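Please keep the structure in view while reading the points below.

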Amino acid sequence: MGLDAVHYLQHRRAGGTDSPLAWEFAPVESWEQAPDPGQVAKRVIEGFTQRRLPDSSAWLTSTLAHWAYGSAAGAAYGIVAGSLPRPSPVYGVPFGAAVFAGDYVTLPMAGLYKPIWQYDTKVVAWDFGAHVAYGTGTAITFWLLTRLGTGTVGQRP
């Protein structure tokens with residue numbers, strides 16, 4: 001959610017007027033317009049089924065892939081953070097940085113991104129900040145849920 005929030009703010013600062021809901025679920029009418037998660041899902045599905053996906057499936061596939069990727073990364077965070085003696089919101093910063101780094105390693109290999117050094121520093125810094133926001137939001141959520149599960153939230157000393 002933090003990643004999308006930062007990207008939505010960027011959209012608004014650039015003059016966009018869509019509501020958060022309209023922006024998050026904006027129509028994707030063709031595969032040429034599909035965002036990177038949708039492009040990755042398209043390749044996987046077409047490779048597995050050996051059938052081309054029609055443009056009419058670009059929106060649903062992209063939306064599901066986007067949310068599935070964030071959820072899967074969050075689940076991986078939960079497994080790792082849950083294995084540590086004390087979960088902490090601070091762990092979200094290196095988590096977000098790791099997701100960012102993974103994107104900039106795997107997506108250029110897939111031909112969806114350019115190598116990181118070919119991007120403007122401002123673009124990379126903004127995207128890094130968005131990933132750190134995602135990681136921090138994930139870590140805070142996990143930390144709060146673990147505290148709720150142990151009954152430590154709301155208890156008075």
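The notes that follow treat confidence, helices, aromatic rings and selected residues in turn. The model is predicted, and the protein chain has an average pLDDT of 89. A score of at least 70 is reached by 94% of the residues.

**Confidence along the chain**

- Among the elements of the protein chain, helix H5 (residues 92-109) has the highest mean pLDDT, at 94.
- The lowest mean pLDDT among these elements is 81, and it belongs to helix H1 (residues 2-13).

**Helix H1**

- Helix H1 has 12 residues, which should span 16 Å at 1.5 Å a residue; the end C-alpha atoms are 17 Å apart, so the two values agree.
- The buried residues of H1 are Gly2, Leu3, Asp4, Val6 and Tyr8.

- Helix H3 consists of 14 residues and reaches 20 Å from its first C-alpha to its last, which is close to the expected 20 Å.
- Gly38, Gln39, Ala41, Lys42 and Glu46 are the buried residues of H3.
- Viewed down the axis of H3, these buried residues fall within an arc of 165 degrees, and they therefore line one face of the helix.
- An α-helix has 3.6 residues a turn, so residues three or four places apart point the same way.
- The buried residues of H3 pack against H4, whereas Val44 and Phe48 are exposed on the other side of H3.
- Gln50 lies in the loop between helix H3 (36-49) and H4, and its phi is near 60 degrees, a positive value in a residue other than glycine.
- Most residues other than glycine have a negative phi.
- Gln50 counts as exposed because its relative accessibility is 64%, over the cut-off of 50%.

**Lys42 and its surroundings**

- Lys42 belongs to helix H3 and counts as buried, at 12% relative accessibility.
- Lys42 lies over the face of Trp31, at 5.7 Å from the ring centre.
- Leaving aside neighbours within four places in sequence, Lys42 is in contact with Trp31, Arg52, Leu53 and Thr61.

**Aromatic rings**

- A pair of aromatic rings is described by the distance of the centres and the angle of the planes.
- The whole structure contains 10 aromatic pairs.
- One of these pairs joins Tyr77 and Phe142 edge-to-face, with 5.8 Å from centre to centre and 90 degrees between the planes.
- This pair links distant parts of the chain: Tyr77 is in helix H4 (residues 58-82) and Phe142 is in helix H6 (residues 121-150), 65 residues apart.
- Tyr77 is buried, with a relative accessible area of 6%, and Phe142 also counts as buried, at 18%.
- Tyr113 and Tyr119 form another edge-to-face pair, with centres 6.1 Å apart and planes at 70 degrees.
- The charged end of Lys114 sits over the ring of Tyr119, 4.7 Å from its centre.
- Ring pairs link Tyr113 and Tyr119 with Phe100, Tyr104 and Phe128 into a cluster.

- Thr138 is located in helix H6 and is buried, with a relative accessible area of 15%.
- Not counting residues up to four places away in sequence, Thr138 touches Gly74, Tyr77 and Phe95.
- Thr138 and Ala73 are 65 residues apart in sequence and 9.3 Å apart in space, C-alpha to C-alpha.
- Ser88 has its place in the loop between H4 and H5 and is buried, with a relative accessible area of 18%.
- With residues up to four places away in sequence not counted, Ser88 touches Tyr77, Ala139 and Trp143.
- Ser88 and Tyr119 are 31 residues apart in sequence and 32 Å apart in space, C-alpha to C-alpha.

Key. Residues numbered from 1 in each chain as written. Predicted model: local features only at pLDDT ≥ 70, side-chain atom pairs only at ≥ 80, totals over all residues. Heavy atoms only, no water. Phe/Tyr/Trp six-rings, centres within 6.5 Å; stacked < 30°, edge-to-face > 60°. Helix = DSSP H or I, 4+ residues; strand = E, 2+ residues; numbered from the N terminus. Buried < 20%, exposed > 50% of the residue type's maximum accessible area, 1.4 Å probe, protein only. Lys NZ or Arg CZ within 6 Å of the ring centre and 35° of its normal. pLDDT = per-residue confidence, 0-100. Expected span 1.5 Å × (residues − 1). Arc of directions from axis to C-beta. Contact = heavy atoms within 4.5 Å.
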